[in-house]
Amino acid sequence: LPDVTVLLDIDPAVARQRLDAADKPFDRLEAEKLEFHTRVREAYLALAVAEPERFIVLDAEQPASEIAQQIRTRIEAALARG
């Protein structure tokens, strides 16, 4: 298992809006129904709750620069702990 897993969390409906706005063909997973994406999200969030020391859960609706800064901060702290 990785020492750190970054989970970019976003409501599946918002993610769908982003994909639709991108105007590109969907791959097999992107083409799945909302219920599928909701189940996958819930499963990943459950993993994050079970292993909070490993997971960094971030709100993916934030600007990319803020997400990147939060990831850097958390990774630097993890590296400092050894």
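The lining of the second largest pocket is made up of seven nonpolar residues, one polar and five charged. Here Ala, Val, Leu, Ile, Met, Phe, Trp, Tyr, Cys and Pro count as nonpolar, Asp, Glu, Lys and Arg as charged, and the others, Gly among them, as polar.

A quick word on the model: it's predicted, so local features need pLDDT of at least 70 and side-chain atom pairs count only at pLDDT 80 or more, while totals for chains, interfaces and linings use all residues. Residues are numbered from 1 along each chain as its sequence is written, and side-chain values use heavy atoms, with hydrogens and water left out.

What's a pocket, then? On a 1 Å grid over the protein atoms alone, a pocket is an open set of points where a 1.4 Å probe fits, with protein on both sides within 12 Å along at least five of seven lines; lining residues have an atom within 4 Å of a point. Volume is the space filled by probe spheres set on the points, which are joined across faces, edges and corners.

| Largest | About 450 Å³ | Ile10, Ala15, His37, Val40 and Arg41 |

In the second largest pocket, α3 gives the largest share of the lining, six residues. For the largest pocket, α2 gives the most, with seven residues, and the lining divides into twelve nonpolar, one polar and four charged.

Note on methods. Helix = DSSP H or I, 4+ residues; strand = E, 2+ residues; numbered from the N terminus.
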